[in-house]
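Look over the overall fold before turning to the site.

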Amino acid sequence: MHIRRPCRIVEELLLSLNGIIKPGIKTIDIDSYARAFIESRHGVPALKGYKGFPGNVCISVNNVAAHGIGGGYVLEEGDIVTVDTTVGVNGWYGDGAWTYIAGAGTPEKKRLVKAAWKAMTAGISEAVPGRRLGDIGNAVEKTARRYGCRVIEDLAGHGIGRDIHEEPVVLNVGKKGQGLPVVPGLVITIEPILTLGAKDIHIHTDKWSIITGDNNLTAQFECTLAVFSNHTDVLTLNSINLEKYIDFPPMF
Ligand code: MF3
Ligand code: CO
Ligand code: CO
């Protein structure tokens, strides 16, 4: 399966960023690190130039829900930072994102990050033959709510493979038993973005960064997964025993 290689590079990069994202680092230096990391493994940082996106990866800090661009900002203690990376190898794409806390973080920030992880893993558990996309969205949404968080409904997962974004749209809300069936051969991302505040968003004057309307904090995890008849392979979480980490993100 050609998509395994880019997904592996996504996972290795997101794991290694654990040691990089700390107070004092400039977000442009995270972007440069990611580019060098991906290229050293013979991947392509596929977001660079995608629809004109200027970064190699998306770096979204605090109230930036998605599509943030690395720049001169220096991370401060307690910042919540999401890095989202799409990697290409031989025309096949893998996509993943993790949220990190620079420094220690407060219990509330940890709750948000944990909720985003749990919302994603709850969605993964529904991504098996016999379920529908509405089951995934429903599980994601319910999990977010259980932690006192809201899902940003305008942003969704997607099919992936020969293109960065393919059909179908994988919503982070839904009704049980509704939507397209989950069938063997389906390759999708699950990527809920959660916030502690209201779920409306707007686009920053940089034309890319998606900001929460009330400037509340956000967190996101994203995986790429492939559905088989008897199991689901979470391609960007290959080295992690997901059963062990079903409740806590690996860096906690
Ligand atoms: N990787 C992102 C996703 O999860 C796509 C970002 S598009 C960009 O779908 F243009 F903002 F980079
Ligand atoms: Co992504
Ligand atoms: Co994606």
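## Contacts and fold

Residues 24 or more positions apart account for 71% of the chain's contacts with a separation of 6 or more; contact means heavy atoms within 4.5 Å. This is a predicted model: local features need pLDDT of at least 70, side-chain atom pairs count only at pLDDT 80 or more, and totals for chains, interfaces and linings use all residues. Residues are numbered from 1 along each chain as written, chains are lettered from A and ligands numbered from 1 in written order, and side-chain values use heavy atoms, without hydrogens and water.

The chain has four helices and 15 strands (DSSP runs: H or I, at least four residues, for helices; E, at least two, for strands; numbered from the N terminus). Of its 252 residues, 54% are buried (under 20% relative accessible area, 1.4 Å probe, protein chains only).

## The cobalt site

Asp-95 (OD), His-158 (NE2), Glu-191 (OE) and Glu-222 (OE) coordinate the cobalt ion (ligand 3) at 2.0 to 2.2 Å. Donors are N, O and S atoms within 2.8 Å of the metal (3.2 Å for Na, K and Ca); water is not among the atoms, so sites may look incomplete. The donor residues follow the spacing D-x62-H-x32-E-x30-E.

Asp-95 also bridges to the cobalt ion (ligand 2), and the two ions lie 3.2 Å apart. Asp-95 sits in strand 5 (residues 92–101) and His-158 in strand 7 (residues 157–159), 63 residues apart, so the pair links distant parts of the chain.

Asp-95 is buried at 3% relative accessibility. His-158 is buried too, with a relative accessible area of 6%.

Notes:
Buried < 20%, exposed > 50% of the residue type's maximum accessible area, 1.4 Å probe, protein only.
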